[in-house]
Amino acid sequence: SSGINAEYGYDNLVQQLDEHKGKHAGFDEHQEEYDSIVILCQGLLSNVEEPAVGEALDEKLHDLGNKWDSVVKASMARQRAIEEAMQICHDFQDSVNAILEWLPDAEAALDSLETIGDDYEAVSEQIQELLQLSYFMADQNTAVEQVCTLGAIREETGPALSEMENSRYKEMKDRYKELWNKIGERQDALNAKQESMDADEDRANFDVTEWKKRFLRWMDGNHERIIDLFRKFDVNKDGTLSHQEFKNGIIQAGIPTPYSCFPIIIKEFDRDDSGDINYREFAAALKRYEFKPKTEGEHIDYEVQRAVDKCTCRRRFNCVQVGEAKYRLVDRLVS
């Protein structure tokens, strides 16, 4: 047979190769006999007197040579196929074993990470530690994907996986997947913790009165009337603002607002806690803090604050007046 039996695993391939080598050895044993026949026929051809006899003998010799070469080549091809299949088994086993060698270290590295802390800097360091492990795992992805591709091919077309190969292959896939899942879960927990701490800090430092003043300065700079802005925010035109419409309006207007502070702001506008903000509530909340500069000093202060309000950093510049017409933005003096 010119094919190989790929339904069986490595041990069967070894048996097939041994049997095939035994059969192929027969060609070596008969090679001298074959060569003698060829020499004999060539000698007869040189001495034949009848052309028809010579042509018939030459045809037979040519046919014998073709068949001999064809059978020898087929035998050699089958041996190569068996050896290649055995090499596939070797490569697959080596790759699975290599992955199972470093997986315990990666699992131990994840398990050794400390419980998520309550300090912002500690959480930031823990995120960086987890990133290093994620980078290592990402570097191994190509090798794992190659093994899984080869495993899928073997499962579909052979050589078949032995019971031990299948067991270790499944162990590798399950442990690798579980490790990535645990990394993802910890990453989500760390991100949620950091976002929660950011939100706590934003709420602790949030001054709703100052926010309203910034809002009014923004309206003044954009020549917006309260009634016109209310109508813009009222997307469904029902005469009231849902909390979502209010939030969307503020966000679309580009007014810097920590998302975690929206409940504080909405509470100031939705005074009756009805779930909607009517125009009376909207206007009253803003008019209580309406301010127009009158003197030159007030106008300068007003313009400086408007410029500071354009800052979109998570931690905004602190603007402090240190003298007449002089202001300090963190460590920068502005006049």
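**Exercise 1. Determine the hand in which helix 2 and helix 3 cross, and describe how these two helices pack.**

The crossing of helix 2 and helix 3 is left-handed, where left-handed means that the near helix is turned anticlockwise from the far one by less than a right angle, and right-handed that it is turned clockwise. The structure is a predicted model, in which local features need pLDDT of at least 70 and side-chain atom pairs count only at pLDDT 80 or more, while totals for chains, interfaces and linings use all residues. Residues are numbered from 1 along each chain as its sequence is written, and side-chain values use heavy atoms, with hydrogens and water left out.

Step 1: locate the helices. Helix 2 covers residues 51-111 and helix 3 covers residues 120-157; helices (H or I, at least four residues) and strands (E, at least two) are DSSP runs numbered from the N terminus.

Step 2: read the geometry. Two packed helices are described by the angle between their axes and the distance between the axes. Here the angle is about 155° and the axes are 10 Å apart; the axes are lines fitted to C-alpha atoms, for helices over the stretch in contact, and angles run from 0 to 180 degrees between N-to-C directions. Helix 2 and helix 3 are therefore roughly antiparallel to each other, given that angles under 35 degrees count as roughly parallel, over 145 as roughly antiparallel, 65 to 115 as roughly perpendicular and the rest as oblique.

Step 3: find the residues in contact (heavy atoms within 4.5 Å). Helix 2 contributes residues including Phe 92, Ile 99 and Trp 102, and helix 3 contributes residues including Leu 133, Phe 136 and Arg 154. By class, this contact of helix 2 with helix 3 has 17 nonpolar, three polar and one charged residues, where Ala, Val, Leu, Ile, Met, Phe, Trp, Tyr, Cys and Pro count as nonpolar, Asp, Glu, Lys and Arg as charged, and the others, Gly among them, as polar.

**Exercise 2. Work out how helix 7 and helix 8 are arranged.**

Step 1: helix 7 (residues 243-253) and helix 8 (residues 262-269) pack at an angle of about 115°, and their axes are 11 Å apart. That makes helix 7 roughly perpendicular to helix 8.

Step 2: the crossing of helix 7 past helix 8 is right-handed. Among the residues that make the contact are Phe 246 and Lys 247 of helix 7, together with Ile 265 and Phe 269 of helix 8. This contact of helix 7 with helix 8 has seven nonpolar, one polar and one charged residues.

**Exercise 3. Decide whether Lys 212 is buried or exposed, and find its side-chain partner.**

Step 1: Lys 212 lies in helix 5, which spans residues 208-221. Because its relative accessibility is 0%, Lys 212 counts as buried; buried means under 20% relative accessible area, exposed over 50% and partly exposed in between, with a 1.4 Å probe and protein chains only.

Step 2: the side chain of Lys 212 makes a polar contact with the side chain of Glu 268 at 2.9 Å. A polar contact is a pair of N or O atoms within 3.5 Å; within protein, one must be able to donate a hydrogen and the other to accept it, and residues adjacent in sequence count only if both atoms are side-chain atoms.

**Exercise 4. Describe the surroundings of Lys 193.**

Step 1: Lys 193 is found in helix 4 (residues 163-205), and with a relative accessible area of 26% Lys 193 is partly exposed.

Step 2: not counting residues up to four places away in sequence, Lys 193 touches Ile 116, Gly 117, Asp 118 and Val 123. The C-alpha atoms of Lys 193 and Val 123 are separated by 7.8 Å, although these residues are 70 residues apart along the chain.
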